[in-house]
Amino acid sequence: MTEEKKYSGYGYHGGGRKATGVKRISISLSGQPEQIKKLKELAKSENKTVSKFIFEKIGIAE
């Protein structure tokens with residue numbers, strides 16, 4: 001006789017993303033649509049993500 005596994009919550013037991021060892025924290029940036037569009041264009045013109053672009057511009061890039 002096998003017991004039926006009973007899981008609570010969303011998904012299934014053991015699901016989700018596996019730990020990679022890289023820790024990240026998100027922030028939110030607000031601005032006018034034109035400002036956000038320009039920021040994205042500037043980052044793209046340097047082949048960078050918006051995050052990397054901002055960090056390099058303010059001098060705290062790794």
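**Pocket and helix chat**

Me: How many nonpolar, polar and charged residues are in the lining of the largest pocket?
Reply: Its lining has eight nonpolar, three polar and five charged residues (Ala, Val, Leu, Ile, Met, Phe, Trp, Tyr, Cys and Pro count as nonpolar; Asp, Glu, Lys and Arg as charged; the others, including Gly, as polar). This is a predicted model, where local features need pLDDT of at least 70 and side-chain atom pairs pLDDT 80 or more, while totals for chains, interfaces and linings use all residues. Numbering starts from 1 along each chain as its sequence is written, and side-chain values use heavy atoms, without hydrogens or water.

Me: OK, helices now. Which residues of helix 1 and helix 2 meet?
Reply: From helix 1, L39, K40, L42 and A43 meet V50, F53 and I54 of helix 2 (heavy atoms within 4.5 Å; helices are DSSP runs of H or I, at least four residues, numbered from the N terminus).

Me: And what classes are those contact residues?
Reply: Six are nonpolar, none is polar and one is charged.

Me: Nice. How far apart are the end C-alpha atoms of helix 1?
Reply: They are 18 Å apart, which agrees with the 18 Å that 13 residues should span at 1.5 Å a residue (1.5 Å times one less than the number of residues).

Me: Which residue with positive phi follows helix 1?
Reply: That's N47, with phi near 55°.

Note on methods
Helix = DSSP H or I, 4+ residues; strand = E, 2+ residues; numbered from the N terminus.
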